[in-house]
Amino acid sequence: MSTVKKTVQKRRPPRPTLTRPVVQPIPGESLTSWVGELAREQNFEMKPLLRELHLDRLGGLTAAETRLSDPVVRRVEKLTGIDTERLHAMTLARYAGNALPHLPLLASDGVAVQQWNKGAWLHRSQSRWCPKCLRSSSSRWLLRWKLPWSFACVDHAVYMVTECQSCWDTVDFRHDAPPQRNCDNMTDEGEWTYGLKEPCGHPLNMCQPVPISDDSVLALQERVNAWLDGTPTHEDRQLVALAAVLIPLLSPSMVRRGDPLLRYAVRSPRGTAQRQRNGKRPWTDSLRVAAAVYAADRLLDRGYPASDIADRIFDLRLIDHRRRPWHMDVAELAYGPGLRPNPFVEALVHRGLITLGGWL
């Protein structure tokens with residue numbers, strides 16, 4: 001080895017290392033949020049930090065948030081002192097038995113992950129959020145916000161926000177970076193003057209959530225949370241199963257006694273029509289999911305069998321002149337909440353409200 005090369009190696013700066021104590025994850029926090037907070041606290045660049053924690057070996061931060069391998073967990077636990085149970089709790093694998101069935105065992109299994117991603121009910125590059133939670137926790141993001149089933153914040157009694165209130169567009173997050181604190185959507189500001197678009201830049205924690213006027217919505221969110229946490233009753237499972245198939249089948253008559261905001265969500269084009277325009281699913285809108293859970297609770301209130309409930313849904317849709325059936329993709333049925341098994345799918349298919357095989 002030449003003298004010049006030895007001199008260069010001697011002058012190379014030392015490799016940065018984590019110092020303890022490290023920032024602790026808050027209850028329910030997502031892995032991407034905690035890693036981002038760890039980078040800020042330790043003054044680390046994101047790529048070197050991912051290499052140090054061996055998270056880059058799982059295909060990036062987003063892939064790591066799906067499921068952590070045992071060697072990576074041991075590495076992160078050794079460097080940060082965060083125990084294995086809390087590390088796994090920050091990944092989507094904690095919902096593998098309920099909200100995200102058939103989750104691939106290995107994040108590196110590209111075929112299985114791709115097939116699962118086609119039908120899994122989660123927000124891959126997006127999230128909903130509670131601005132009040134972000135303000136009180138220094139912009140720490142919760143894992144369950146990536147699931148469509150989080151439609152309300154029980155702590156602050158508000159509906160979850162799903163889009164920036166400055167540019168009025170959904171916020172897309174980078175796959176290998178923690179959730180940003182400001183909206184990065186490109187706007188048309190100055191486009192005609194300079195020929196360049198500029199980022200929106202609106203602080204996401206400054207969005208104004210809509211307060212919930214019906215306490216039953218909060219009670220329903222708590223029941224769904226019990227299902228997500230793995231402690232549901234039989235009635236809670238029935239509620240989620242019916243709500244899953246009701247989301248695309250909603251009509252205003254099903255929520256006529258509920259919060260007026262839920263009726264607006266059903267009447268507006270934010271659900272089915274938005275999916276046709278932008279490739280988004282009906283469960284993208286938190287208000288529509290809340291309306292489906294509310295309607296499911298009303299339909300289950302009298303204890304009727306699945307066939308009678310399907311007849312009731314058919315009659316309510318006729319009142320609103322919504323006769324077109326919903327075409328459910330087979331992958332969505334298999335990998336989403338539609339099949340585990342779902343006692344209501346067969347009855348709705350028999351009534352012609354759902355047909356299987358493709359999208360509208």
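I looked up Leu 348 to begin with: leaving out residues up to four places away in sequence, Leu 348 touches (heavy atoms within 4.5 Å) Val 245, Leu 249, Ala 310, Ile 313, Leu 353 and Ile 354. I note that this is a predicted model, where local features need pLDDT of at least 70, side-chain atom pairs count only at pLDDT 80 or more, and totals for chains, interfaces and linings use all residues. Residues are numbered from 1 along each chain as its sequence is written, and side-chain values use heavy atoms, with hydrogens and water left out.

I then checked the confidence (pLDDT, the predictor's score for each residue from 0 to 100). The protein chain averages 83, and 85% of the residues score at least 70. Residues 271–277 fall below 50, and this stretch has 16 contacts in the model beyond near neighbours in sequence. Where pLDDT is low, the predicted coordinates should not be read in detail.

Next I looked for a nonpolar core (buried Ala, Val, Leu, Ile, Met, Phe, Trp, Tyr and Cys residues joined through side-chain atoms within 4.5 Å; buried means under 20% relative accessible area, exposed over 50%, partly exposed in between, with a 1.4 Å probe and protein chains only). The largest one has 62 residues, and Leu 348 and Val 293 are among those touching the most other members. Its largest share, 10 residues, comes from α14. A second, separate core of 25 residues includes Val 23 and Leu 68.

Last, I looked up Asn 43. Asn 43 is exposed, with a relative accessible area of 73%.

How values were computed. Helices (H or I, at least four residues) and strands (E, at least two) are DSSP runs, numbered from the N terminus.
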